[in-house]
Amino acid sequence: MHPAVARVIDQVETFMAGKDDALNIPREAGVFVYGLLLATRATRAVEIGTSYGYSGLWIGAALQQNGGRLLTIDREPHKSDAAATHFAAAGLAECIECRTGVAADLLHDVDGPVDFVLSDADKENCREYAELLTPKLADRAVLLTDNTLTHAEELAGFCAWIRDHGAFESCNLTIGNGMELSVHRPEGR
Ligand SMILES: C[S@@+](CC[C@H](N)C(=O)[O-])C[C@H]1O[C@@H](n2cnc3c(N)ncnc32)[C@H](O)[C@@H]1O
């Protein structure tokens with residue numbers, strides 16, 4: 001990882017410690033996402049739920065090395081603006097685009113193919129986001145849905161639906177707040 005990105009990740013952890021609305025993934029989940037993106041060589045990524053850019057920094061750190069780009073979405077302008085400042089400080093402005101608005105609206109404008117999605121916004125709409133993005137997912141794309149342990153009840157329906165979906169191989173990971181890892185196999189599992 002570029003030292004500037006590692007430094008800003010540490011700084012953003014301190015920044016978030018004074019806020020109760022960051023709701024960021026834990027560091028171990030960040031390390032996992034970073035490693036997963038390096039291993040899969042993903043280049044076209046989408047994040048739903050930017051917050052202050054913590055998970056985006058881990059994603060961007062890998063995409064910088066993969067030669068890729070991240071589009072990250074949040075409905076709160078003050079969070080998008082703060083995240084953009086963090087990405088610029090990390091030297092990631094060229095590979096991360098922040099868009100501000102309601103995810104269900106903005107996802108219509110996402111161009112495919114997409115290799116990786118982190119779904120980490122409102123849990124009740126995870127299925128809608130997956131349905132909007134599925135036609136745009138590349139073969140073997142990874143959809144990672146956060147909070148399967150911390151919001152197990154809200155996400156139970158989504159997890160059952162995607163595990164039964166013929167175009168995904170899906171299982172739960174007990175990393176961080178829990179994540180459903182769904183690999184897109186459009187020709188069948
Ligand atoms: C759990 S936080 C994201 C944390 C971030 N991924 C991280 O780890 O640093 C969820 C974010 O989703 C945003 N959000 C919630 N519902 C949304 C919606 N319908 N459209 C866009 N953003 C939304 C919230 O403003 C919040 O910043």
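How do the residues of the lining of the largest pocket divide into nonpolar, polar and charged? They comprise 9 nonpolar, 9 polar and 10 charged residues, where Ala, Val, Leu, Ile, Met, Phe, Trp, Tyr, Cys and Pro count as nonpolar, Asp, Glu, Lys and Arg as charged, and the others, Gly among them, as polar. The structure is a predicted model, in which local features need pLDDT of at least 70 and side-chain atom pairs count only at pLDDT 80 or more, while totals for chains, interfaces and linings use all residues. Residues are numbered from 1 along each chain as its sequence is written, and side-chain values use heavy atoms, with hydrogens and water left out.

Rolling a probe the size of a water molecule over the atoms shows where empty space is left. On a 1 Å grid over the protein atoms alone, a pocket is an open set of points with protein on both sides within 12 Å along at least five of seven lines, a cavity is a set of points where a 1.4 Å probe fits but cannot get out, and lining residues have an atom within 4 Å of a point. Grid points are joined across faces, edges and corners, and a volume is the space filled by probe spheres set on the points.

The largest pocket holds about 560 Å³ of space. Its lining has 28 residues, and Gly49, Asp74, Asp120, Ala121 and Asp122 are the closest to its centre. Two or more lining residues come from each of strand E2 (69–74), helix H5 (103–106) and helix H6 (126–133); helices (H or I, at least four residues) and strands (E, at least two) are DSSP runs, numbered from the N terminus.

The second largest pocket has a volume of about 200 Å³. Ala45, Val46, Leu71, Val110 and Asp111 lie nearest its centre among 14 lining residues. Strand E1 (44–48), E2 and strand E3 (96–100) each supply at least two residues of this lining, which divides into 7 nonpolar, 1 polar and 6 charged.

The model has 1 cavity of 30 Å³ or more. About 60 Å³ of space lies in the largest cavity, and its lining has 13 residues, with Ala22, Asn24, Thr50, Ser51 and Ser55 nearest the centre. Of the lining residues of the largest cavity, 6 are nonpolar, 6 polar and 1 charged.

Helix H2 (residues 27–40) has 14 residues and reaches 20 Å from its first C-alpha to its last. This is close to the expected 20 Å, the expected span being 1.5 Å times one less than the number of residues. Ala29, Gly30, Val33, Tyr34, Leu36 and Leu37 of H2 are buried (under 20% relative accessible area, with a 1.4 Å probe and protein chains only). The buried residues of H2 fall within an arc of 165 degrees seen down its axis, so they line one face of the helix; the arc is that of the directions from the helix axis to the C-beta atoms. Their cover includes helix H3 (54–66), strand E4 (114–119), strand E5 (137–146) and strand E7 (179–184). Just after H2, arginine 41 takes a positive phi of about 55 degrees.

Histidine 86 lies in helix H4 (residues 77–89) and counts as buried because its relative accessibility is 13%. Beyond residues up to four places away in sequence, histidine 86 touches Val8, Val12, Phe15, Tyr52 and Leu57, contact meaning heavy atoms within 4.5 Å. Leucine 173, in strand E6 (residues 168–173), is buried at 18% relative accessibility.

How values were computed: Buried means under 20% relative accessible area, exposed over 50%, partly exposed in between (1.4 Å probe, protein chains only).
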